Amino acid sequence: MIKSFLFLLVISFNIFLPYQLAAVELTTGSAIYVPIYRSFYQIYGSTRDAYSLTNTVCLHNTDPKQTISVLCIDYHDSAGKLTKKFLDEPITIKPWNSKEITIQPSTEIEDFGANLIIRWKADQPANSLIVEVLMTGQVLNRGVSFNTRGVEIKE
């Protein structure tokens, strides 16, 4: 009887108390760090072979009202050195829209732990940009694919 009463008490608290959800903070821009991998390794016995990956960067505007501008997409190698800028001028992404940028595989073995720094802004406070990178490659008849997601950073 006491167990039943306690069970009903716990259930009623869960039903009648409001859920406290994490607050979404609107912002007028930020920097996003995205880890990317330009190659992967396959080991056969004592031999280690490297294979290139194609990277597809997906930029998602998650705001229902605000257009955002992506100011830069900068590629840094694993030593942190800026080696390439992917945008000559800002691109705009309308509400609920997405853009993609494909980074072709390299003929040279790339840094394994590279990253992108993406800076964006909006005229009015907006939901944050979501950045994901899909990496795909192939070895003989086997394919490999995985993705990473960016995180906001303070500069």
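Student: Why does cysteine 72 count as buried?

Tutor: This is a predicted model, and the value is computed from it. Cysteine 72 has 14% relative accessibility. Buried means under 20%. The value 14% falls under that cut-off, so cysteine 72 is called buried.

Student: What lies in contact with cysteine 72, leaving aside its neighbours within four places in sequence?

Tutor: Leu87, Ile117, Ile118 and Arg119 are in contact with cysteine 72. Cysteine 72 itself sits in strand β5.

Student: What separates the C-alpha atoms of cysteine 72 and lysine 85?

Tutor: The distance is 7.3 Å. Along the chain, the two residues are 13 residues apart.

Student: Serine 69 is in strand β5 too. Why is serine 69 called buried?

Tutor: Its relative accessibility is 18%. Buried means under 20%, so serine 69 passes the test at 18%. Leaving aside neighbours within four places in sequence, serine 69 is in contact with Ile91, Thr92, Arg119, Trp120 and Lys121.

Student: What makes the pair of lysine 85 and aspartate 74 a salt bridge?

Tutor: Look at the closest N and O atoms. They are 3.5 Å apart. The rule asks for a side-chain nitrogen of Lys or Arg within 4 Å of a carboxyl oxygen of Asp or Glu. The distance of 3.5 Å is within 4 Å, so the pair counts.

Student: Why can such side chains pair at all?

Tutor: Side chains of opposite charge can pair when their charged atoms come close.

Student: Which parts does the pair of lysine 85 and aspartate 74 tie together?

Tutor: Lysine 85 lies in strand β6, residues 82–85. Aspartate 74 lies in strand β5, residues 68–76. So the pair ties together parts that are 11 residues apart in sequence.

Student: Is aspartate 74 buried or exposed?

Tutor: Buried. Its relative accessible area is 5%, and the cut-off is under 20%.

Student: How do you know that aspartate 74 and arginine 119 form a salt bridge?

Tutor: Their N to O distance is 3.4 Å. The limit is within 4 Å, so this pair qualifies as well. The pair links distant parts of the chain. Aspartate 74 is in strand β5 and arginine 119 in strand β9, 45 residues apart.

Student: Why is arginine 119 called partly exposed?

Tutor: Its relative accessibility is 26%. Buried means under 20%, exposed over 50%, and partly exposed in between.

Student: Which residues are linked with aspartate 74 in a network of salt bridges?

Tutor: Asp74, Lys85, Arg119 and Glu155 are linked in that network.

Student: What makes glutamate 132 and arginine 149 a salt bridge?

Tutor: Their closest N and O atoms are 3.0 Å apart. Glutamate 132 belongs to strand β10 and arginine 149 to strand β11, 17 residues apart.

Student: Why do glutamate 132 and arginine 149 count as partly exposed?

Tutor: Glutamate 132 has 21% relative accessibility. Arginine 149 has a relative accessible area of 48%. Both values fall between 20% and 50%, so both residues are partly exposed.

Student: How many salt bridges does the rule give?

Tutor: The count comes to four.

Student: How many helices and strands are in the protein?

Tutor: There are one helix and 12 strands.

Definitions and conventions: Residues numbered from 1 in each chain as written. Predicted model: local features only at pLDDT ≥ 70, side-chain atom pairs only at ≥ 80, totals over all residues. Heavy atoms only, no water. Helix = DSSP H or I, 4+ residues; strand = E, 2+ residues; numbered from the N terminus. Buried < 20%, exposed > 50% of the residue type's maximum accessible area, 1.4 Å probe, protein only. Contact = heavy atoms within 4.5 Å.
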